[in-house]
Amino acid sequence: MNKKIKIVSVLFFFLSIFTYYHYYFYQDHDSVPQWRMEVSESGFSGVLAPEDIPVRESFGVGLFDRPQYFGGAVKTRVFRVNGTFEKYLFIANAINSSNEYLVFVLVDYIQVPFYADGKLNLTHLVKLSPMEYRFLKIRIENLSEGYHDVFIGVFLDPYNHDLSDRYRLSTDFSMMGGVRIQVISGRPLYTMPTFNKPPIVCKNVKNDTIGGLIITKTPCSNIAWLRENVSESIKYYINLGNKDRNIQTFALVAMLNYKQVPIKNDTLVYYGYLYRNQEISIPGELRIPEVGTLNGIQEFVVLYFTEPFLPLQFPPDIRNINLETRAEPSIRIAILPNR
């Protein structure tokens, strides 16, 4: 009897925590891709409606002032510091299986090393048992004077190299969480990047505009790129669509094996804009290291951030309700060395 009471108490404790903090950080997705696409690989054919490939994940990511639940969650998304930012990242594995979570940090959409529990690295791997949670002390040092967009991100199951179509499709708009904040260091002037005019505007898409991004091998395509055998650099296209906003500004970041790589030439971050009911295509090139140095399958992903550098809040801590801040990952594309 005591054992049963203990189990019920533990389950009630977890339920209370996740319910109470849902507003601040909880991400419980039973979502679907934001576009219609075709898959030319084996296993699927024709046009896939979004409901054909549901995305399922259940994990929590939050930012806390202190490593405690009640009274620990931050109530603001704008912070003033003097060169160093320090908080506690909360990760909850609300899944009935063990999972790995890879933590990374972008400052102004550039990946930077950070301290996690006192260790300095570009990424930090956290292994959690079923229904386990953890507070991770995060410290970002040497922030220059300025207004900084900071994204503390977490990839779920980062080193799953399943090559099946179904798994690759299920990673779209999925298996990544995070917290976007603004950190103000010193007394800077507010500046914005230059947003590029769309290089390729797709035609005849008004009635079927994609609502996010899809990475393809040809411009203005809806054929999903899922995997590639490589021996040299690969050209690809980032296709974006805007259904809702009159004008949508964005930032794009590319990662190979979860380390930032240029989108094309030396462009680490691509800033652009597009209008409502517009679909655009942005050329990119993935420069592959020498094939002999690749250690097995690599994961390639593009991250899409909307409305970068716009104020998340106005004084005194009033949320900017006109802002749509999305952090959306593309499909994880498997890069296989062609030896």
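Visitor: Which residue stands opposite Y147 in β14?
Guide: In this predicted model, the residue that faces Y147 in β14 is I184. The two strands involved, β13 and β14, run antiparallel to each other and are paired over 10 bridges.

Visitor: And what does β14 do with β5, parallel or antiparallel?
Guide: That pairing is parallel, and it extends over 4 bridges.

Visitor: Is β14 mostly enclosed or open to the outside?
Guide: Of its 10 residues, 9 are buried, so β14 is largely enclosed by the rest of the structure.

Visitor: How does the lining split by class?
Guide: The lining of the second largest pocket holds 10 nonpolar residues, along with 3 polar and 3 charged ones.

Visitor: Switching to rings. How many aromatic pairs are there in the whole structure?
Guide: A search over the whole structure gives 22 aromatic pairs. One of them joins F79 and F85, whose ring centres are 5.3 Å apart and whose planes meet at 70 degrees, so this pair is classed as edge-to-face.

Visitor: Are those two buried or exposed?
Guide: F79 has a relative accessible area of 8% and is buried, and F85, with 1% relative accessibility, counts as buried too.

Visitor: What about Y109 and Y271, what sort of pair do they form?
Guide: Their pair is edge-to-face, with 6.3 Å from centre to centre and 85 degrees between the planes. It links distant parts of the chain, because Y109 is in the loop between β7 (99–107) and β8 (110–111) while Y271 belongs to strand β21 (residues 269–275), which puts the two 162 residues apart. Y109 is buried at a relative accessible area of 2%, and Y271 is buried at 13%.

Visitor: Which cluster do they sit in?
Guide: Ring pairs connect Y109 and Y271 into a cluster with F104, F151, F155, Y159, F195, Y258, F305 and F309.

Visitor: Now backbone angles. Which residues other than glycine have a positive phi?
Guide: N142 is one of them, with a positive phi of about 60 degrees, and N277 is another, with a phi near 60 degrees. N142 is placed in the loop between β12 (133–140) and β13, whereas N277 is in the loop between β21 and β22 (278–286).

Visitor: How exposed are they?
Guide: N142 counts as exposed, at 73% relative accessibility, while N277 counts as partly exposed, at 33%.

Visitor: Back to strands: how many residues of β6 are buried?
Guide: Of the 8 residues in β6 (residues 85–92), 7 are buried, so this strand is largely enclosed by the rest of the structure. β6 runs antiparallel to β12, and 8 bridges join the two; along that pairing, A92 stands opposite Y133 in β12.

Visitor: In what order do the strands of the open sheet come?
Guide: The open sheet has 4 strands, ordered β15-β22-β18-β16, with antiparallel pairing. The edges are taken by β15 (200–201) and β16 (213–216), each of which has a single partner strand, so one side of each is left without a neighbour in the sheet.

Visitor: How does β16 connect to β18?
Guide: They run antiparallel, and 4 bridges join β16 to β18 (residues 234–242). On that pairing, I214 stands opposite N239 in β18.

Methods:
Residues are numbered from 1 along each chain as its sequence is written. This is a predicted model: local features need pLDDT of at least 70, side-chain atom pairs count only at pLDDT 80 or more; totals for chains, interfaces and linings use all residues. Side-chain values use heavy atoms; hydrogens and water are left out. Two strands pair if DSSP finds at least two bridges between them. Ala, Val, Leu, Ile, Met, Phe, Trp, Tyr, Cys and Pro count as nonpolar, Asp, Glu, Lys and Arg as charged, and the others, Gly among them, as polar. Rings of Phe, Tyr and Trp (its six-membered ring) pair if their centres lie within 6.5 Å; planes under 30 degrees apart count as stacked, over 60 as edge-to-face and the rest as tilted. Buried means under 20% relative accessible area, exposed over 50%, partly exposed in between (1.4 Å probe, protein chains only).
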